[in-house]
Amino acid sequence: MFVLQLIMVALLTGVSVFETALQTQHHNADEARARVKSVAQTFASSAGLGKALKDPAPSTDFLQIRAEKARRIADVEFIVVTTPQGVLLTHPRPGMPRKGLLGTIGRVQRGHVVLETLDEPDGSFVQAVAPVTDAQGRVVGLVAVGLGTDAVPSITARQLPLLVTTGVVTLLVAIGGTALVTRRLRRQTRGLDPATLAQMYEHHDAVLHVVKEGVLIFDGENRLILANDEALKLLNIPRKEGGVPIFELGIEPGLSQLLVSGDSVVDKVIPAGERLLLVNYQHTDQHGGPAGSVVTLRDTTELRVLSEQAESARRRLKLLYDAGNYVGKSLDITQTTKELTDFAVEHFADFATIDLAIDALEGQEPAPTTRMQRTAVSGVKEEHPLYPVNSLFRYASTTPHFSGFDSGKAILVPSLRESIGYRKQDPALTGRVLSYGIHSMITAPLMARGEIIGMASFFRSEDYAPFNGEDLSFAEELTARAAVSIDNARRFTRERNLAISLQRSLLPQALPQQNALEVAYRYLPAQAHAGGDWFDIIPLSGARVALVVGDVVGHGLQAAASMGRLRTAVHNFSALDLAPDDMLAHLNELVTRTENEISDPEENRLVGTTCLYGIYDPVTRNFSVALAGHPPPVFMKPDHTLECPDMPAGPPLGLGLGGLPFETSSLQLPEGSNIVLFTDGLIENRSAGIAKGLVELYDALARNRGTPEQICEAVLDQVLSPPPRDDVALLVARTHALRTENVAEWDCEPTPSAVSALRAATGSKLKEWQLEEEAFTTELIISELVTNAIRYSTGNIHVRLIRDRYLICEVYDSSSTSPHLRRAATTDEGGRGLYLISQFADCWGVRYLSAGKVIWTEQQLPEPLS
C-alpha cells in the first residue's frame, strides 16, 4: 500500500513538471512574438529609416550597421530591412548572398504588422514584419525581426531546476505525510489490513441491523452519533442524522434523565410507553477511547411474562420436589395418604381427601362403580362436612369423581354450586358442603403402574380464588407422583398382611393339652415386614414337653414360608424323641442340604436361622436345652430370683461349621419356675443395642410375679418400644412336676420268672389309681415289652408307669436294637408282640438314651389327670 502511494505521488509530480514545462514553453513563445513585434515596430518607426529607404539608392551599409546594432540591443535572431517588394537591403549574416524575404508580405504592404512562425532547415523561428512609412503614410520599406524557436528551451531549462526541486520537495512531503497518515491509521486500526477492516465494517453493520437489542452511541456532548434499527423501534423515534441532542430525540423523560445523568447503569428496567426496557449505559472513554457513551436497550416485556411463568413453574417443581420428600416416607398406606392430604392443604388447597377403591385394596382390578373407602382427610379446620375417614360409599355416575375414575383424567370444577352432577352424589351432604363455603374442586385419579387405585380430591373455600388450569396441571403431577408411593404402600400392606396371615397360620393355633407346663405366648410381627420368627410347644413321650423358639433370616412371604418348612421339620424330628443337641444337628443338616438345592438367588434362604430347642421332664423336673445362635433362656425361680446361666451356643443353622457341635445344657428346676424364651426382636434397641434391651428385660421380669400371661403383658409393655423393628416372639412357661404318687417304677431281673411278678405289681398299682378297666391291657403290654427286653438285651430292665393325661408305660433296657412292627406268618414262633401292642395302645415308640433305649406306649384314660 505504501509503495502504491509512492508511485502515485511520483506520477503526480512528473505530470506537474511536464505540465509546467508546457506552460513555460507556451509562455516563452508568446513572449517571443510580442518581442519581435515590438522590435519590428520600434525599428520601423525609428528616425531616419523612412528617409533612408525613400532614397532611390539607399545605402545598404548604413542600413546593415544600424540593423545589426539594433539586433544586438534587442537580443533577437535577426533584423532585416527590405524594399516594399521584399528585396533584402540588409542581411542577418553580412557577406551572405541576399535573397528575398520569407513569409507573407501582402498584408504588410497594406500597412499591417504580420506575425508568423516559419520553418527552415536550420530550425523554426518567429518572425514579425512591420511596414516603414513616409510622412505621407506610404510604405517605403519593410522591417522583419526574427527570433529562433530554439531559444525557447533555454528559457525552459532555466526554470527546470526549480520545477524539479519543487517536484522532489512535493514528493518528499507527500511521502512523509503518507507515512505519518499510514502510521496513525495503523495505530487506530490496530494493524488491520483494509480487507479485514472492510469485513469488520460489514459485520458491524449487519449486527447493528440484525441484533434484537437496541444500540445508541452518543458523543461527549450527548449528541446522537449512531442508532440501529432496533433502538429506533423500541424508542419509537424516526431515523435522524447524527448530532441530534438527547432531549430532541423525543424519548421517555425517565430514560432521557438517565442518559443525561452520566451514571453508569447495568440491567436497569425502565418503562418506555407500554414496554419494559432493560437499559445498560456505559462511558466509552473508560479504557482510553473517545469521549462519549453507549446505550443498549432490550425489550423485556415478553421476557417478564416468560419469567413469571418460569417462576411459577419453578415454584411448582419445588412443591413437587418437596412433595416427593414429604409423601411416602413410610410404607403404611394410612400414613402415606395422610401425608399427601396434609401437604396439599399446606401448599395448595383448603381441604383434601383420598378415596381408595376397596377392590384395589383387596388386590382386584377396580372399576368406577366399586366401593370406595376414605382413607385420609385434611383441612384448614378440624370440623368439616366431608365424608369422614373410613367411610364407605360409591360414586354416583354423574359426579366428577366417577368421570375422572372412568377416564383416568383429572377434572376441574371451578364452581361446585353450578355442578349438578356433584350435588347428586349425596344431596344432603353436598348441601352442607356448599353452605360451609367450599366452592371449587379438583379431583384427580391416583394411577400407578397403569391401574387406578383411587381418587384424590382438593377443595377451596370461600376465602380463596377458584382453582384454574394451572392448578389442575399441578394436581395431576402431584397425584401422579404420590400415587406411586400410595401404591407401594398398598402393595406392601397387602403383602405384609398375607405374610402375617401365612405366618400366623403356621404358628400354633392353640396350645396343646399337657400338664407339664403352663404356657403363655405373644407374637408381634414387625411393622415394616413380617419376618420368620416362630415358637412351638410339642408334647413328647413320657409326659415331657418340648419348647421351640426360632428366627428365620429375612422378611415377607418367603420368610414365613421358610419358617413353616422349618417348623414342620422340627415336628417331624421331635417324633424321634431326639435329644436337643441331636435335634439341632438334624436341623442343621437339613438346612445345609436344602440350601445346596436352591438355585434361585432371590428365594429366601434358611442359612443363619437361629433356634432354641428345650425339653422339660415333669417327672424329674429336668430342663435340657441346646442353642443354635439363639439368645439363651431366662429362668425365674419361685423365690423371684432370676437365673441366666452361661450356656454353650452353637452356630446358626446352615453355616457349614461342622467343627462346632451343638451341646445340651441341663438344669434342675424347682416346681413353679418360669422359663422365659424370646427372639432377638424383643431386646434389640435401636439406639443402645442388645445389652440395654437385656437389662430392661431382666428388670421387667424381676418386678413381675404374676401368671405367665401377666408376665408376657408386662414384658411387652416395659421392654418393647413400638413399633417393633423386627418380629417378636415371647414364650413364658411355668413348670409343674408330676407327683410321686402318679409315677410307679420297678427294676426286674432279665429272667422270665420276673414277668409274672411285674404283671401283679402293675395290676396292684392300677387298682390304686382306680384304673381297673385298664389293668388287663396294661398288663399285656408290659409283659410283651419286658419279654422282648429279656430276649434281645442284657442287663437289668427298668419299668416305669406314669399316670398323666395318658397312661404311659415305659420299659428301659440296655440294648440299642430298635424293634420293628411286622406281620408274622402262621408258621412263625414270634413277631406278634409289637403287633398286639399296636392294637391295644393308642401310640407307641422308641426313645434312645445314651446307654440303651426306652420303648413306650400311651393309652387313653377315661378321665385324664388334670
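Modeller: A strand here is a DSSP run of E with at least two residues, numbered from the N terminus. The model under discussion is predicted, and S624 is found in its strand 21, residues 622–628.

Biologist: What makes S624 count as buried?

Modeller: The cut-off for a buried residue is under 20% relative accessible area. S624 has 11% relative accessibility, and therefore counts as buried.

Biologist: Which residues does S624 touch, beyond those up to four places away in sequence?

Modeller: Contact requires heavy atoms within 4.5 Å. With that criterion, S624 touches P580, Y613, G614, I615, T664, S665 and S666. For G614 there is also a C-alpha to C-alpha distance: 5.4 Å in space, at a separation of 10 residues in sequence.

Biologist: Why is the pair K318 and D322 called a salt bridge?

Modeller: The definition asks for a side-chain nitrogen of Lys or Arg within 4 Å of a carboxyl oxygen of Asp or Glu. The closest N and O atoms of K318 and D322 are 2.9 Å apart, so the pair meets that limit. Both residues lie in helix 9 (residues 301–326), 4 residues apart, or about one turn of the helix. In general, an α-helix has 3.6 residues a turn, so residues three or four places apart point the same way.

Biologist: Are K318 and D322 buried, exposed or partly exposed, and why?

Modeller: Partly exposed covers the range between the buried limit of 20% and the exposed limit of 50%. K318 has a relative accessible area of 44% and is therefore partly exposed. D322, at 23% relative accessibility, also counts as partly exposed.

Biologist: With which residues does D487 form a salt bridge?

Modeller: One partner is R449, with the closest N and O atoms 2.3 Å apart. This pair links distant parts of the chain, because D487 is in helix 15 whereas R449 is in the loop between strand 15 and strand 16, 38 residues apart. Another partner is R491, with the closest N and O atoms 2.7 Å apart. D487 and R491 are 4 residues apart in helix 15, so they are separated by about one helical turn. Both distances fall within 4 Å, so both pairs are salt bridges. Salt bridges that share partners join R449, E451, D487, R490 and R491 into one network. The structure holds 21 salt bridges.

Biologist: How are D487, R449 and R491 classed by accessibility, and why?

Modeller: D487 is at 0% relative accessibility, under the 20% cut-off, and so counts as buried. R449 has a relative accessible area of 52%, which is over 50%, and is therefore exposed.

Biologist: What makes a set of residues a nonpolar core, and which members touch the most others in the largest one?

Modeller: The set must consist of buried residues of the listed nonpolar types, joined through side-chain atoms within 4.5 Å. The largest such core has 53 residues, of which L340, F348, L416, L446, F458, F459 and L478 touch the most other members. Helix 15 (residues 469–506) supplies the largest share of this core, 8 residues. Apart from residues up to four places away in sequence, F348 touches I442, F458, R460, F467, D471, F474 and A475. A second, separate core of 48 residues includes V549, M563, L627 and A733.

Biologist: Which residues of helix 12 are buried, and what covers them?

Modeller: In helix 12 (residues 400–407), P400, H401, F402, G404 and F405 are buried. Their cover includes strand 11 (351–357), strand 12 (372–379) and helix 13 (420–423). Just after helix 12, G408 takes a positive phi of about 75 degrees.

Conventions
Residues numbered from 1 in each chain as written. Predicted model: local features only at pLDDT ≥ 70, side-chain atom pairs only at ≥ 80, totals over all residues. Heavy atoms only, no water. Buried < 20%, exposed > 50% of the residue type's maximum accessible area, 1.4 Å probe, protein only.
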